[in-house]
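Subject: A structure for you to look at

Dear colleague,

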Amino acid sequence: MSKMGRPPADTEPVTIRMEREMLRAIDDYRRAQEDLPSRPEVVRRVMAAWLAAQTGEKSEI
C-alpha cells in the first residue's frame with residue numbers, strides 16, 4: 001500500500017521567523033490579490049519577482 005501525503009518534488013522547506021508587522025503586511029497584500037494566496041505562496045511570488053528583476057527577466061506574477 002502506498003503512503004498518503006505530499007508527492008515527491010524537487011523542493012526543500014525553508015523556515016523563517018518574521019515580525020508581526022511584516023506578517024500583517026503580507027496578510028494585507030494577500031487579501032488584495034484575486035486568488036488569496038497563502039503566506040508561503042506570497043513569499044514565493046515576491047522572491048520570484050525579485051530574482052527576475054535581478055536578472056532582467058520578466059516575472060510571472
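A salt bridge, as the term is used here, is a side-chain nitrogen of Lys or Arg within 4 Å of a carboxyl oxygen of Asp or Glu. With that in mind, you can look for the network of salt bridges that links Asp35, Glu41, Arg44 and Arg45. Please remember throughout that this is a predicted model.

First, the chain as a whole. Its secondary structure comes to 2 helices and 0 strands, and of its 61 residues 11% count as buried. The accessible surface of the chain comes to about 6,200 Å², and 54% of that surface belongs to carbon and sulfur atoms. A search of the whole structure finds 6 salt bridges, and some of them are described below.

Next, helix α2, which runs over residues 39–55. How far apart should the ends of its 17 residues be? At 1.5 Å a residue the helix should span 24 Å, and its end C-alpha atoms are 25 Å apart, which agrees. Within α2, the residues Val42, Arg45 and Ala52 are buried. These three cover an arc of only 100 degrees around the axis, so they sit on the same side of α2. The face turned away from that buried side carries the exposed residues Gln54 and Thr55, while what covers the buried residues includes α1, residues 20–32.

The two ends of α2 also deserve a look. At its start, a side-chain oxygen of Ser38 reaches to within 3.1 Å of the backbone nitrogen of Glu41, and just after the helix Gly56 takes a positive phi of about 80 degrees.

Now to the salt bridges in the network. The side chains of Asp35 and Arg45 meet in a salt bridge of 2.5 Å, N to O. This pair links distant parts of the chain, with Asp35 in the loop between α1 and α2 and Arg45 in helix α2, 10 residues apart. Asp35 is partly exposed, with a relative accessible area of 47%, whereas Arg45 is among the buried residues of α2. Glu41 forms a salt bridge with Arg44, the closest N and O atoms being 3.0 Å apart, and both of these residues lie in helix α2, 3 residues apart, or about one turn of the helix. An α-helix has 3.6 residues a turn, so residues three or four places apart point the same way. Glu41 itself is partly exposed, with a relative accessible area of 24%.

In helix α1, the side chains of Asp27 and Arg30 meet in a salt bridge of 3.2 Å, N to O, and, being 3 residues apart in that helix, the two are separated by about one helical turn.

Finally, the loop between α1 and α2 holds Leu36. Most residues other than glycine have a negative phi. Leu36, however, has a positive phi of about 40 degrees although it is not a glycine, and it is partly exposed, with a relative accessible area of 47%.

Technical notes:
Residues are numbered from 1 along each chain as its sequence is written. This is a predicted model: local features need pLDDT of at least 70, side-chain atom pairs count only at pLDDT 80 or more; totals for chains, interfaces and linings use all residues. Side-chain values use heavy atoms; hydrogens and water are left out. Helices (H or I, at least four residues) and strands (E, at least two) are DSSP runs, numbered from the N terminus. The expected span of a helix is 1.5 Å times one less than its number of residues. Buried means under 20% relative accessible area, exposed over 50%, partly exposed in between (1.4 Å probe, protein chains only). The arc is that of the directions from the helix axis to the C-beta atoms. Contact means heavy atoms within 4.5 Å. A polar contact is a pair of N or O atoms within 3.5 Å; within protein, one must be able to donate a hydrogen and the other to accept it, and residues adjacent in sequence count only if both atoms are side-chain atoms. Accessible areas come from the Shrake-Rupley method with a 1.4 Å probe; for residues, only the protein chains shown count as cover.
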